Amino acid sequence: MNAAIEARELCYTYEDGTVALDHISLKAQKGKITGILGANGAGKSTLFLNLNGVLNPSSGQVLLDGAPVRRDRKGIAELRRRVGIVFQDPDDQLFSADVYRDISFGAVNLGLPEDEVRRRVEQAMERTGVSALRDKPTHALSFGQKKRVAIAGVLVMEPEVLILDEPTAGLDPHGVSELMRLLSQLRDSLNMTILLATHDMDVVPISCDYAYLLGQGRVLLEGTPGELFSQPEVLRANQLRLPRMAHLMEILREQDGLDTDVSAATISEVRRELLRLLKQEGPT
Amino acid sequence: MGTDRYAYQSRLRRVSPMPKLLLTAVSLVLCLCCDSIAVGLATLAGMGALTWLLGGLSPRVYLRFLKIPLAFLLIGSITVLIHSYPAEAAVLAAVPVGGRLWGFDAAALRQASTLFCKAMGAVACMYFLTLNTPVIDVTMALEKLHVPRLLVELMELIYRFIFVLSETAANIRIAQESRLGYQGLGRSISSLGTLASMVFLRAWRKADRVYTALESRGYTNHLTTLSSGYRAGRWLYPATAGVALGQILVLYLERSVGG
């Protein structure tokens with residue numbers, strides 16, 4: 001498996017001396033959803049801005065498809081075209097009062113001919129399900145709708161890597177599941193590489209194929225969600241928690257002495273695990 | 001911002017802003033230049049009818065919008081109307097106050113009603129534009145008319161972030177009120193001051209984040225976007241000529257009847 005985007009020994013220090021990234025190395029596999037977990041201030045947003053070329057790392061490299069990104073004007077423009085960021089607050093991203101024009105912005109910046117821009121805008125609106133909102137002013141949209149328009153505004157650039165900063169924050173439960181479905185679709189149908197920062201732990205086992213835990217600007221853990229959840233003490237030390245389901249399995253194991261698999265973190269995994277236990281208990 | 005909401009619902013919403021701008025400009029200039037009561041009233045009726053018939057705005061809503069400038073115009077016209085005259089002047093209506101007459105004569109009445117009708121006609125012209133064209137389309141048209149790009153981009157950004165900022169301000173205000181921040185004059189003033197400085201600070205920080213987001217989408221000093229397709233609306237050109245012709249005809253009729 002080759003990594004679509006890779007950070008190698010990335011360091012970033014803010015002007016005031018705050019070390020935000022401290023030798024971070026991580027990879028996002030092509031066509032997978034990679035979760036970046038971490039408490040507030042763990043360095044997730046800074047990492048993303050480095051991966052997209054808005055910030056320049058103090059040292060270290062960003063590699064796209066195994067090739068290091070050059071830090072000149074052309075290299076940065078290329079990086080921004082291939083790596084798109086959806087910001088946490090859609091009001092930061094939507095600068096136009098017109099939905100269609102806002103979505104077109106990124107594609108126009110790529111210098112594409114008008115027909116191609118229009119085709120991409122239509123396609124992005126269709127993928128994110130915002131076609132019906134094209135005639136509405138931005139300020140009349142709900143938070144969830146703004147979020148979708150913001151995603152469409154990045155998809156229009158047809159990036160290979162899509163980065164989302166806290167995509168589920170502020171959405172209602174329906175909005176969260178719709179969004180996660182959209183991300184899975186992008187992964188499965190377009191083979192898009194997705195990086196998402198979150199501290200919504202219940203979303204992680206459902207949607208992430210791989211995950212990293214960041215803390216104080218360093219990579220503390222990496223592995224499949226199951227592997228991360230088998231070390232709950234590290235998560236807790238970083239102001240995170242287990243998903244509710246995994247927590248239940250942990251309690252059943254530690255307090256009730258059941259032989260549960262603590263890496264089971266989704267409803268279907270826990271269900272399978274409980275049925276297995278019930279069958280074991282059955283004959284006695 | 002009330003008008004913008006109706007502009008989005010207008011039947012002319014998808015028509016290119018250029019012919020709408022032209023129709024507004026031509027009728028506005030003619031209405032102001034003719035300097036006549038009849039042309040003012042005719043423009044008011046004509047542009048009102050166009051907003052109703054072409055834009056699909058209900059007359060009730062339109063009349064409600066007309067009421068807003070009406071109050072200003074009435075006060076303005078009254079100050080033009082009322083003069084002070086010597087005791088033996090020929091006036092239409094006046095009240096004697098300390099040896100002089102305060103009221104109006106025929107000329108003043110004529111002047112005030114011309115001003116009033118002209119202004120109402122002009123308002124109707126502007127309403128045709130604002131009730132049928134969202135702000136964002138007007139700025140697009142300005143850009144085509146070679147208004148400096150920086151100015152147009154600023155207008156667009158300001159328009160967008162008015163809503164974001166007013167929402168922020170409203171939220172802060174509610175948060176303050178829910179903690180009794182507006183009880184008594186002293187506290188109200190201090191809370192309002194905090195609100196103003198908070199809104200300013202947040203705007204400052206927001207600007208930073210917006211810039212970052214623009215950069216990540218390939219911003220290169222120009223906010224160039226593509227608007228959703230417009231209908232050409234060429235049929236509005238003959239309509240423009242028709243309105244202009246109507247205005248001139250009314251002026252001619254008034255002059256020939258009056259003269």
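Visitor: Among contacts in chain A between residues at least 6 apart in sequence, what share joins residues at least 24 apart?

Guide: A word on the model first: it is predicted, so local features need pLDDT of at least 70 and side-chain atom pairs count only at pLDDT 80 or more, while totals for chains, interfaces and linings use all residues. Residues are numbered from 1 along each chain as its sequence is written, chains are lettered from A and ligands numbered from 1 in the order in which they are written, and side-chain values use heavy atoms, with hydrogens and water left out. Contact here means heavy atoms within 4.5 Å. With that in hand, the share of these chain A contacts that join residues at least 24 apart is 61%.

Visitor: How many helices and strands does chain A have, and what is its radius of gyration?

Guide: Helices (H or I, at least four residues) and strands (E, at least two) are DSSP runs, numbered from the N terminus, and chain A has twelve helices and ten strands.

Visitor: What percentage of the residues of chain A count as buried?

Guide: Buried means under 20% relative accessible area, exposed over 50%, and partly exposed in between (1.4 Å probe, protein chains only). Of the 284 residues of chain A, the buried share is 54%.

Visitor: Which elements of chain B give two or more residues to the side that touches chain A?

Guide: The interface brings 34 residues of chain B into contact with 36 residues of chain A. Nine salt bridges (a side-chain nitrogen of Lys or Arg within 4 Å of a carboxyl oxygen of Asp or Glu) are counted between the two chains. One of the salt bridges joins the side chains of A:Asp92 and B:Lys206, at 2.9 Å from N to O. The elements asked for are helix H6 (135–144), helix H7 (149–177) and helix H8 (185–216) of chain B.

Visitor: How do the residues on that side of chain B divide into nonpolar, polar and charged?

Guide: Ala, Val, Leu, Ile, Met, Phe, Trp, Tyr, Cys and Pro count as nonpolar, Asp, Glu, Lys and Arg as charged, and the others, Gly among them, as polar. On the side of chain B that touches chain A, this gives 14 nonpolar, eleven polar and nine charged.

Visitor: Which residue of chain B forms a salt bridge with A:Arg101?

Guide: In this salt bridge of A:Arg101, the closest N and O atoms are 2.8 Å apart. A:Arg101 lies in helix H4 (residues 99–109) of chain A and its partner in helix H7 of chain B, so the pair joins two chains.

Visitor: Where in chain A does A:Glu158 lie?

Guide: The side chain of A:Glu158 meets that of A:Arg120 in a salt bridge, 3.5 Å from N to O. The two residues are 38 apart, with A:Arg120 in helix H5 (residues 114–128) and A:Glu158 in the loop between helix H6 (143–155) and strand S7 (161–165) of chain A.

Visitor: Is A:Leu190 buried or partly exposed?

Guide: A:Leu190 is found in helix H7 (residues 173–190) of chain A. Leaving aside neighbours within four places in sequence, A:Leu190 is in contact with A:Arg127 and A:Gln185. With a relative accessible area of 34%, A:Leu190 is partly exposed.
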